[in-house]
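Dear colleague,

Please find the structure below.

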Amino acid sequence: GQAARWAGHIVSVEGRPAVVTAMTIVPNINTNLLKGTPNLLVGIKYIDEAFISEIGRSLLLSDLALIPKPAQRDGVVSEPFVGDDGIPAGYLSWTTRRPGQMLLHVILPLVAFGIFGTGVLANTMFKRLKRGSEELARREAQARHEAKHDAMSGLPNRVQMVENIENFLHHHTAERGNRRAVAAYIDIDRFKDINDTLGHEAGDQLIKVVGQRLKARLRPQDFLSRFGGDEFAILGMPVGLGGDAAIEERIAQAFALPFSIHGQSIRVTASVGLAVAPDNGVTADELMRHADIALYEAKNQGRDRTVLFSAEMAKKVEHRRSIELDLRTALEANQLRLHYQPIISCSTGAIVGVEALLRWRHPVHGEMSPVDFIPIAENAGLLPALGEWVFDQAMKDSKHWPNLEVAVNLSPVQFRHVELSAMLRELVAKHNVEPERFVLEITEGVLLEATNHTNSILEAIRAMGFKTALDDFGTRYSSLAYLCNFKFDKIKIDRSFVSKISRVDTSRTIVESVVKLGRRLGMDIVAEGVETELEAVMMTKFGCTDLQGFYFSRALPADQMTKFLSTFQPKRIAQAPHPLHIVAATGAAG
Ligand code: C2E
Ligand code: CA
Ligand code: CA
């Protein structure tokens, strides 16, 4: 029988050295089937870096390389490497383990042997190469899939989404107007809470189910992807006018029924931002950025809603972003300041405490209100740092007034931050202050969410010795239930009530009941935003224990506060006997 024949040589192909092999293709069972001259299988394997290092590895020469010029370093051997066609291909170089001619003589033939090989070696090498390239192709396909898909949900990822939007826009920009597409960004509301309370597995499962439900609701031509975390994105493909509303409806349906996660049935809502091409963007980048801005706005408006992008939104975001950057700089450059507003006792008329209030003079916009820049800081994740700065400064300043309580505002974001107690503990040690002198002011918003968790944070803070106050009471939900369910040392009645007190009867009734209940529960009641003597008198009459407001003083820098204290004359606040005092007294005694 006639076996296949082969030949292999090192020659230069298009100026690059290569192993060229040729093999006859003959039937391996019945050679009689062969008619005429057999076809040839020609293989060209360039002697490139990978190839040389493969050989180097099999010869245990880790740095075997084909280089254009001989190496000049000690211990590195370079030998000219000439192809079978006589064309020099460069120098083979490697580091000798023990430099010496003897070894060189051993290695050079070995290298030659490795390259020319025997028929067997060449053959197996050829097969290996083939297998290798197949494996490579398979891995490449897998990598390509992985690069475009999210591992957990199996959905396409951002990369694929961008590609699809680009494709769509590329094909449809010519027919502007009638071929529209909607980009929808979807973010699961309070996903972090779900993750924290039910565990990561439950969170993962929720992501999967949300993905499946969305997929089921969409039309086949719509494109669903996951951006990681709890974010999904949809490209609703060609839609007519009103197509954004249709997508909105489909998304809403996906969240309509409760989710069954780990045997628990939970209601989940989502915030959605929409941007329509070409109106809201003609490039993928623009469209996606605008959908993202709309999503941000949806979350900002209180979540569980869909918002369509608008131009004003972009302006607002631009403004916020610049403020955010400036705030970062200000924080790093220590350009923030704390001012202090006195708190006056109703019974003695003396100053018993101060509230620390953050101040920032923006280089362009001038003095900015914390009401405007704190939410930006919260959203930018600046709060742990900013909050720490406030505590650090307040504790430092508190040394000036050893007999006063110092109230510090805690943002809800900061309150939920895991490191809060550790941060407080560290600062107490650093400044060697008594936690009992500090009142942490928390707004009602905090109490709405994850009550168990909230209670344990409150308890931890109180256990360290800090006092707590429920701030802005009356502005939002004003639930009296909070006063029973959570332990606070003080309630601060919001200015809106105080300023209405002389005119509106219902305000009076509300203030009276809050004071009554609060004092029965042993809390101090601070009236905020007292601007006139009348308000001071009336709030005292209704049973408040402390007053704070412009009537006494605005917030002042620390040094001015010290001066203010030294000259302050206790104000006589006319006190009429009031039934509430009697109620409170019996309450405390019983
Ligand atoms: P807040 O905690 O209710 O602080 C009281 C606000 O009312 C202060 O505004 C204060 O200047 C103002 N105010 C006090 N008395 C009167 C008055 O008689 N009339 C009127 N019209 N206003 C009065 P400010 O300093 O602009 O602070 C606004 C809010 O910003 C604060 O409300 C608080 O929620 C937040 N904030 C301030 N500093 C910080 C801080 O360090 N951290 C955090 N997280 N929030 C802060
Ligand atoms: Ca406050
Ligand atoms: Ca307040």
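This is a predicted model: local features need pLDDT of at least 70, side-chain atom pairs count only at pLDDT 80 or more; totals for chains, interfaces and linings use all residues.

Residues are numbered from 1 along each chain as its sequence is written, chains are lettered from A and ligands numbered from 1 in the order in which they are written, and side-chain values use heavy atoms, with hydrogens and water left out.

The chain contains 21 helices and 23 strands (DSSP runs numbered from the N terminus: H or I of at least four residues for helices, E of at least two for strands). Of its 590 residues, 43% count as buried (under 20% relative accessible area; exposed is over 50% and partly exposed lies in between, with a 1.4 Å probe and protein chains only). The chain exposes about 31100 Å², and carbon and sulfur atoms supply 54% of this area (Shrake-Rupley method with a 1.4 Å probe; for residues, only the protein chains shown count as cover).

Which residues hold the calcium ion (ligand 2)? This ion is coordinated by Glu355 (OE), Asn409 (OD1), Glu441 (OE) and Asp471 (OD), at 2.1 to 2.3 Å. Donors here are N, O and S atoms within 2.8 Å of the metal (3.2 Å for Na, K and Ca); water is not among the atoms, so sites may look incomplete. Glu441 lies in strand S18 (residues 438–443) and Asp471 in strand S19 (residues 467–473), so this pair ties together parts that are 30 residues apart in sequence. Glu441 and Asp471 are both buried.

Asp471 also coordinates the calcium ion (ligand 3), and the two calcium ions are 3.7 Å apart. The protein donors of ligand 3 are Asp471 (OD), Asp472 (OD), Glu528 (OE) and Glu528 (OE), lying 2.1 to 2.5 Å from the ion. Distant parts of the chain are linked by Asp472, in strand S19, and Glu528, in the loop between strand S21 (524–527) and helix H19 (533–541), 56 residues apart. Asp472 counts as partly exposed because its relative accessibility is 25%, whereas Glu528, at 10%, counts as buried.

Ligand 1 has 22 residues around it, of which Gln341, Arg359, Asn409, Glu531 and Phe550 come nearest (a residue is near if one of its heavy atoms lies within 4 Å). Two polar contacts (pairs of N or O atoms within 3.5 Å) can be pointed out. A polar side-chain atom of Gln341 lies 2.9 Å from a nitrogen atom of ligand 1, and a polar backbone atom of Phe550 is 2.8 Å from an oxygen atom of ligand 1. The protein covers 82% of the 790 Å² of accessible area that ligand 1 has on its own. Strand S15 (351–362) supplies the largest share of the shell, 4 residues.

Lastly, is Gln414 buried or exposed? Gln414 counts as buried because its relative accessibility is 4%. This residue belongs to helix H12 (residues 412–416). Beyond its neighbours within four places in sequence, Gln414 is in contact (heavy atoms within 4.5 Å) with several residues, among them Leu383, Phe391 and Asn409.

Yours sincerely

Methods
A polar contact is a pair of N or O atoms within 3.5 Å; within protein, one must be able to donate a hydrogen and the other to accept it, and residues adjacent in sequence count only if both atoms are side-chain atoms.
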